[in-house]
Amino acid sequence: MAKSISLEELQNYNFGDNEETERASGKEHYKNYSKDIAVTLGYLLGVKEEHLRLIPNTEDDYQRVITDKVSQNEAAQAIRYLNQIRSSIILGFKDISRRTRISAANYTPIYKIESLEESFKGLKKLDIDIVTGRSDLVEYIKITNEEITRRLDRIKALFPDWVNFKHIKNAFTMPKDIETEAKKFMTNQNFYPYKRYFNWRTPYEAGNILLSDEKILDIIYLSNGAYFSESNKVVDASDTVKNSINNFIQLGQKVQIFIDGENTDPYKFVAALNSLTDEEIDKIEKIVVYYDKKYSTRAWQALKHFAYDIPVEANAVERLLDDKSLVDHKLVAGVSKAVYQDRVDSIILCSSDSDFWSVIEDVRANYLVMAEVEKCGYDFKEVLREHDIFYCYLDRFIVPEDNQFFRMVFKKEFQQQLDTAINDLNISLKSLFRAAVRESRATISEQERENIFKEYTEKLQIRLNNGIIQIVVPD
């Protein structure tokens, strides 16, 4: 049971330094950052297990990712061994070259060199033999390059669909100018993760780049002339933000969430909802959504299936004029009713629209605002800060890789599009049939027409060919 507290105390409660706090919190130890991709890439690059496990907050991720997924992929194992060999040959080129010369006093076959032996044994278990019997190390680098390239497409399933796999492939593909690339790697070896090679256009000191998915993907994307913009997939809200939301909910006596469906991403909202504890969810009385019936996503209708046991009111608002939405008016009226009639004292308002400052100012309650980075203007945030109203970004809550909410909404919308297309097809089938009869230049009776129409339309087959729907008339 939450401690009883007055409205004045609620309004004066210090919820933290909003945007700046969220932006800085958790960065040092990457506690709120996902590491699945970083662990996968570290494994593929050939980083030793003990090094991957020692990365802060990575032990559980390593066990789950490597045991359950990566180590079951033979192509991944092969790439790991091959990149270990490639990296070690470049870094130890002079010593390995001297020791593998047949004329050398301390001649050692390449597969017996200490830094390479375990990797060659690993390849042998996978029935991969790259031993040439010669001592040309550049040739070995070329062979490992070819063997890695051959297997890259087979590791695509190890990465989420939203990762541009072209950039991952490029990271493991060495440029053709081996000498220049090798010199760059040797010169900057301390910048690479545990001295394991990958195709890095301009290496620089970035600390341990395997600390988080965001860090390694930023570097890989930039190295390909691109920009990684999916941070909400790999960075969760900081503990400071989550604790502030927890405090807000626990201090409130009656808590409701109001959503401006025109200015809020439903998938980001569900990600934020998923971050709440059972105790926090139990304290939320209701979620109320107002969305424009014509221009807003219909995903809000499906929210009730993903809101745990919180009652959801999804209100589709009609437009009086095409250029004038009534969502803001409905939401203001809804908040006013909740506060003055239902005695709700704490409102979580999901919107980036500064127009709602009027309801915050005029309707006396405690407010927490959830906005989105790109939609929320500086002036609105400044006003919220001046009035000690905590706000956070919906973009900061991590969206699950297997986004069931999106899949449900997409499936429903796709089915609706298919139904519409099939309905249009049924309407036009008779006209298509008449055109076919006409072009056949045959004289047939009405009864024959009906019989033929029924015979062929009942046997029509729908096939999918490279994503293209084809309707085939059978023999």
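Predicted model: local features only at pLDDT ≥ 70, side-chain atom pairs only at ≥ 80, totals over all residues.
## Asn199, tucked into a loop

Let's start with Asn199, which sits in the loop between helix H11 (178-187) and helix H12 (213-223). With a relative accessible area of 19%, Asn199 is buried, because the cut-off for that label is under 20%.

Its side chain has backbone partners. A polar atom of the Asn199 side chain lies 3.1 Å from the backbone oxygen of Asn170, and the side chain also reaches the backbone oxygen of Thr173 at 3.0 Å. Setting aside neighbours within four places in sequence, the contacts of Asn199 include Ala171, Pro175, Glu181 and Ser223.

Nonpolar side chains tend to be buried together in soluble globular proteins. Here, the largest nonpolar core has 69 residues, and the ones touching the most other members are Ile155, Phe159, Ile168, Phe172 and Phe198. Among the elements giving two or more residues to this core are helix H3 (36-45), helix H6 (74-91), helix H9 (137-151) and helix H10 (165-172). H6 provides the largest share, nine residues.

Take Ile155 as an example: beyond its neighbours within four places in sequence, Ile155 is in contact with Leu44, Asn73, Ala75, Ala76, Ile79 and Phe165. There is also a second, separate core of 36 residues, with Val270, Ile287, Ala302 and Ile310 among its members.

On H5, the buried residues are Asp61, Tyr62, Val65 and Ile66. They span an arc of only 100 degrees around the axis, so they end up on the same side of H5. Those buried residues pack against H3 and helix H4 (49-54). Asp60 and Asp68 are exposed residues on the face turned away from the buried side of H5.

## Salt bridges

The model has 23 salt bridges. One of them pairs Asp153 with Lys169, with the closest N and O atoms 2.9 Å apart. This pair links distant parts of the chain, since Asp153 is in the loop between H9 and H10 while Lys169 is in helix H10, 16 residues apart. Asp153 is exposed at 54% relative accessible area, and Lys169 is partly exposed at 27%.

Helix H11 has a couple too. Lys183 and Glu179 meet at 3.4 Å, N to O; they are four residues apart, so about one helical turn separates them. Glu181 and Lys184 form a salt bridge at 3.3 Å, and this pair is three residues apart in H11. Glu179 is exposed at 54% relative accessibility, whereas Glu181 is buried at 6%.

Conventions. Residues numbered from 1 in each chain as written. Heavy atoms only, no water. Buried < 20%, exposed > 50% of the residue type's maximum accessible area, 1.4 Å probe, protein only. Polar contact = N/O pair within 3.5 Å; in protein donor to acceptor, adjacent residues only side chain to side chain. Contact = heavy atoms within 4.5 Å. Core = buried A, V, L, I, M, F, W, Y, C linked by side-chain atoms within 4.5 Å. Arc of directions from axis to C-beta. Salt bridge = Lys/Arg side-chain N within 4 Å of Asp/Glu carboxyl O.
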